[in-house]
Amino acid sequence: MSKEEWFMHEQELRQHRCCFTGHRPEKLNISEEQLCVRLGLEIDRAIEDGFTTFISGMAKGVDICAAELVLKRRVSDDRLKLICALPYENFGLHWSASWTSRYVEVIRHADLVRCISQEFSYSAYQRRNEWMVDHSGRVIAAYTGESGGTRNTIAYAKQQHIPCVIITP
């Protein structure tokens, strides 16, 4: 496949991929149950709009909740795929037992796990977020307006002309 053919193929795939971004639970001011309901509605809308592959950055909170929702829907819709984009190897294995267990379970059932960097660095998070946007046709974000990785990801998506659906808690 030539570079041009690969690029055209990637652009087509991108139109069926959607990624997630959002704050960690302590920043959201919304219960996980309420968050899951709102994320579930946006995931269902994305599926109705033809998105079948979902990319999660696998951070605590929005990312893991969204990934779990995609996996639940995949049980009855085998078109759905989940890609886990990790900022670096062994990310997510240092949290509380509850979050680590959920993380490991999602990784176990993912269709693809992609490590963006080999080792920890603060820049690995932004590189992971940009990789997710660069491979997506839509971003679903749970965002309070606070500065940080979620704001940066939304700003990057807008620069790349990728539509963002914002869930405001």
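Visitor: In this predicted model, a nonpolar core is a set of buried Ala, Val, Leu, Ile, Met, Phe, Trp, Tyr and Cys residues joined through side-chain atoms within 4.5 Å. Which residues of the largest nonpolar core touch the most other members?

Guide: The largest nonpolar core holds 36 residues. Those touching the most other members are Leu35, Leu39, Phe54, Met58, Leu82 and Phe91.

Visitor: Which element gives the largest share of this core?

Guide: Elements that give two or more residues to the core include strand 1 (17-22), helix 3 (32-48), helix 4 (62-74) and strand 3 (81-88). Helix 5 and strand 5 (138-142) also belong to that list. The largest share, 8 residues, comes from helix 4.

Visitor: Which strands are the edge strands of the open sheet?

Guide: The open sheet has 6 strands in the order 4-3-2-1-5-6, with parallel pairing. An edge strand here pairs on one side only. The edge strands are therefore strand 4 (112-117) and strand 6 (164-167).

Visitor: At about what angle does helix 5 run to strand 3?

Guide: Helix 5 spans residues 97-109. This helix lies across strand 3 and strand 4. Its angle to strand 3 is about 125°.

Visitor: Is Thr100 buried or exposed?

Guide: Thr100 is found in helix 5 and touches Gly92, Leu93, His94 and Trp95, not counting residues up to four places away in sequence. Buried means under 20% relative accessible area. Because its relative accessible area is 14%, Thr100 is buried.

Notes. Residues numbered from 1 in each chain as written. Predicted model: local features only at pLDDT ≥ 70, side-chain atom pairs only at ≥ 80, totals over all residues. Heavy atoms only, no water. Helix = DSSP H or I, 4+ residues; strand = E, 2+ residues; numbered from the N terminus. Buried < 20%, exposed > 50% of the residue type's maximum accessible area, 1.4 Å probe, protein only. Contact = heavy atoms within 4.5 Å. Pairing = 2+ DSSP bridges. Axes fitted to C-alpha atoms, helices over the stretch in contact; angles between N-to-C directions.
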